[in-house]
Amino acid sequence: MMSKPLYLGKILLHWCGKCNVPVLGTKCACGSFTKTVTITPPGDIRPAFDYDIQLINFVSMQQFNAPLIDDKKVVVLNKAPYDDRMDEIIVDGVVLGSIRFELDSLKWVLLLRVEGARYLFQCKSLSDMKNWVILEHDTVKFILAGANLLAPGVIDADPNIQEKDEVVVLNPDGKVIATGRARMSGERMKERHKGVAVKVRDKDEAKEKVLLCGGQSWEDVIDANKHFMEEFIASSHKFIKNVASSMNKPVTVSYSGGKDSLVVLQLVSECLEDFDILFADTGIEFPETVVNAKEVSELYGKPLRFISSGNAFWESANSFGPPSVEMRWCCKVCKLGPIAQIIEENYKNGCLTFIGQRKYESDTRAKSERVWKNPWVGNQVAAAPIQDWTAMHVWLYIFMRGLLYNPLYEKGFDRIGCWLCPSCSVADFYRLKETHPEFAAKLEDYLLKHARKYGLSPGWVEHGLWRWKKLPPRLQEIAKTKGISITPKSAIKSTLEFKMISGYRPCKQGGVSAEGSFDITLDLEKIKSSGMLEAVGRVAFMEGVASVFQGDNSAQIFAGGTVTARSDSEKNVREFIQSVERSIMRALRCSGCGVCVGKCPQNVIVIKNKIAVIGKECIHCGKCIDICPVVKFS
Ligand code: SF4
Ligand code: SF4
Ligand SMILES: [Zn+2]
């Protein structure tokens, strides 16, 4: 089923026929009008690196025995929506096809359009090519009318074609008519059995390939786009200056080691003298990213406010299980919390942070304001100077200024983040095996252990199904056809469980009481030194018992694990005992992520020896409780 096109901004890709280069608007710098290139929205186009071209040619060789892309061509890629990674390939202003990572076969597949097949098959002898099918003259009209190719219409075919192979369909004169996927083997096609031989995906009249000349270096692309780039740069400069001057706050740039934040850093450096660079090492960053962050900060001669989450991810992974698209606890534990800490420690009255957010990246980002208050980090105002840029603008600017970009972009990564982010594609994880086999092995080992413990199949790991709590329909289908067990045999149980042992009862002294129990004895010293119960109310500790009071509510916590609470109504006692339970959880399982630090309006939470401690000035507002990942994800 086709999903609705996702428009996040104007589709900007055009092509100058005279210069033969991509242009980000209707007029090239040479004065010629450009033609629109029809690509799939959202249209976050980018240049292909050598690695990408080699991958396309490798797959093209495997499928058709010839490379698709000639040397020295300027190639543009356009990320298109799909179950996993998919890019449209644009050369000479024409979409030649797409390359995508298919989740059932776990392989890259090149899906040619007719234009791409012309590129590949024109002037070649069929004896040198693979996966071709020749149809009868009389059948052409049916194909052009939208029919699939039936086996009786086949004259000849590569006998080595296997069912599900991508194939190119030619007329008896050797001209490409269609492309699609084989529904039977080449041998069976030749035998002209009944049934569909090729499910046609793209079709067109027989034509010669039109060859464009000229251009074809990224310097030419920069020249052709100078006027557009100057416009975008000037608008971002103006934005940076306006936001910085309208706010009386120290300026920072959040650097992630990725291309977008690099561009923001450069733009800010062209406008402002004083700013710091913030970098939060999540502990699951690529080493190349950490090195790049340090090199970049030296190059700009600006202080690098660096914080590392160390082993927090792996420690938390044991309690929370693998992160998923729906439950990205790692963002809070390893990124937002540490950033809140950097800001807390260095900017007492908060700061303005320029970040590399762009609208073409996602629907959420497209809907975001350009300047906003970070809900997770107290006193941080974030601003996005390149909100309207496509990845192509970003790269052209990087090339124009010769910026020091992360070398991972040349190894096939199109976005740089944590190496085990659940938002990564399965293609990214397979690439990780090539580029960083030790990380891939660590992740696989962890996931397989988790799978064994909960009765999930190894396929749950292999096909990247671990990245969702609830699988999207296409992945459910893959799990079903491959017999992959995706339902944990036992609920994922935490080691610190709280059960209500008697319900809500009216008590003799009036009001309602409740009683529950943890499945372990409680370390009251640890709970006391964390100050976590303060978030619920006034606290008093006596031998083996802690008491919490807040208005009509009170609770007692016993070292043996029992908790009793009393309040004026069932609703209130339920909420109160739950807050107590959550605070005990936080006290005993805090990972020191720091998320609560930025949320506290009184600034009374500090991280000491890698755990959060609430100070005596706490006003018991409870704002720090529910945002804590221990509470949210346990
Ligand atoms: S947010 Fe701050 S003041 Fe409010 S309960 Fe937590 S520690 Fe106390
Ligand atoms: S208590 Fe604070 S620092 Fe500790 S895990 Fe929760 S949010 Fe993070
Ligand atoms: Zn031109």
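This is a predicted model: local features need pLDDT of at least 70, side-chain atom pairs count only at pLDDT 80 or more; totals for chains, interfaces and linings use all residues.
Ligand 2 has a shell of its own, made of 13 residues. Here the closest are Cys 590, Cys 593, Cys 596, Ala 612 and Cys 628. Sorted by class, the shell around ligand 2 holds eight nonpolar residues, four polar ones and one charged residue. Two helices, α18 (595-599) and α19 (629-633), each give at least two residues to the shell around ligand 2.

**The overall plan**

Let us step back to the whole chain. The protein is divided into domain 1 (36-203), domain 2 (218-411), domain 3 (426-481) and domain 4 (498-633). Between the C-alpha centres of domain 1 and domain 4 there are 62 Å.

**The sheet from β9 to β14**

One open sheet has six strands in the order β10-β14-β13-β12-β9-β11, and its pairing is mixed. At its edges stand β10 (149-150) and β11 (154-157), each pairing on one side only. Helix α2 (residues 114-121) packs on this sheet and touches β12, β13 (176-182) and β14 (196-203). The direction of α2 makes about 105° with that of β13.

How do the strands of this sheet pair? β9 (residues 132-135) and β12 (residues 166-170) are parallel, with three bridges, and Trp 132 has Val 168 of β12 as its bridge partner.

The peptide bond from Pro 41 to Pro 42 is cis, with omega near 10°, and Pro 42 sits in the loop between β3 (35-36) and β4 (45-47). Further along, Asn 65 has a phi near 70°, a positive value in a residue other than glycine. You will find Asn 65 in the loop between α1 (50-64) and β5 (75-79).

**The sheet from β15 to β20**

Another open sheet of six strands, again with mixed pairing, has the order β17-β16-β15-β18-β20-β19. Its edge strands are β17 (304-308) and β19 (371-373); each has a single partner strand, so one side of each has no neighbour in the sheet. On average, neighbouring strands of this sheet are turned by 25° against each other, direction ignored. β16 (residues 276-281) pairs with β17 in the parallel sense over five bridges, and Ile 277 stands opposite Leu 304 in β17.

Two helices pack on this sheet. Helix α5 (residues 218-246) touches β15 (251-254), β18 (351-354), β19 and β20 (380-383), and its direction makes about 170° with that of β18. Helix α9 (residues 329-346) touches β16, β17, β18 and β20, and its direction makes about 145° with that of β16.

**A pair of helices**

In α12 (residues 426-435) and α13 (residues 437-453) we meet two helices that pack at an angle of about 125°, with axes 5 Å apart. That angle is why α12 counts as oblique to α13. The contact brings Phe 429, Leu 432 and Lys 433 of α12 together with Pro 437, Phe 439 and Ala 440 of α13. By class, this contact has five nonpolar residues, no polar ones and one charged residue.

| Strand pair | Bridges | One bridge pair |
|---|---|---|
| β24 (residues 545-550) and β25 (residues 553-558) | six bridges | Val 545 and Phe 558 |
| β25 and β26 (residues 562-567) | four bridges | Ala 555 and Ala 565 |

Which glycines take a positive phi in these hairpins? In the hairpin of β24 and β25, with two residues between the strands, Gly 551 has a positive phi near 55°. In the hairpin of β25 and β26, which has three residues between the strands, Gly 561 in the turn has a positive phi of about 115°.

Methods: Residues are numbered from 1 along each chain as its sequence is written. Chains are lettered from A and ligands numbered from 1 in the order in which they are written. A residue is near a molecule or strand if its C-beta atom, placed from the backbone, lies within 6 Å of it. Ala, Val, Leu, Ile, Met, Phe, Trp, Tyr, Cys and Pro count as nonpolar, Asp, Glu, Lys and Arg as charged, and the others, Gly among them, as polar. Domain bounds come from an automatic or database domain assignment. Axes are lines fitted to C-alpha atoms, for helices over the stretch in contact, and angles run from 0 to 180 degrees between N-to-C directions. Angles under 35 degrees count as roughly parallel, over 145 as roughly antiparallel, 65 to 115 as roughly perpendicular and the rest as oblique. Two residues are in contact if their C-beta atoms, placed from the backbone, lie within 7 Å. Two strands pair if DSSP finds at least two bridges between them.
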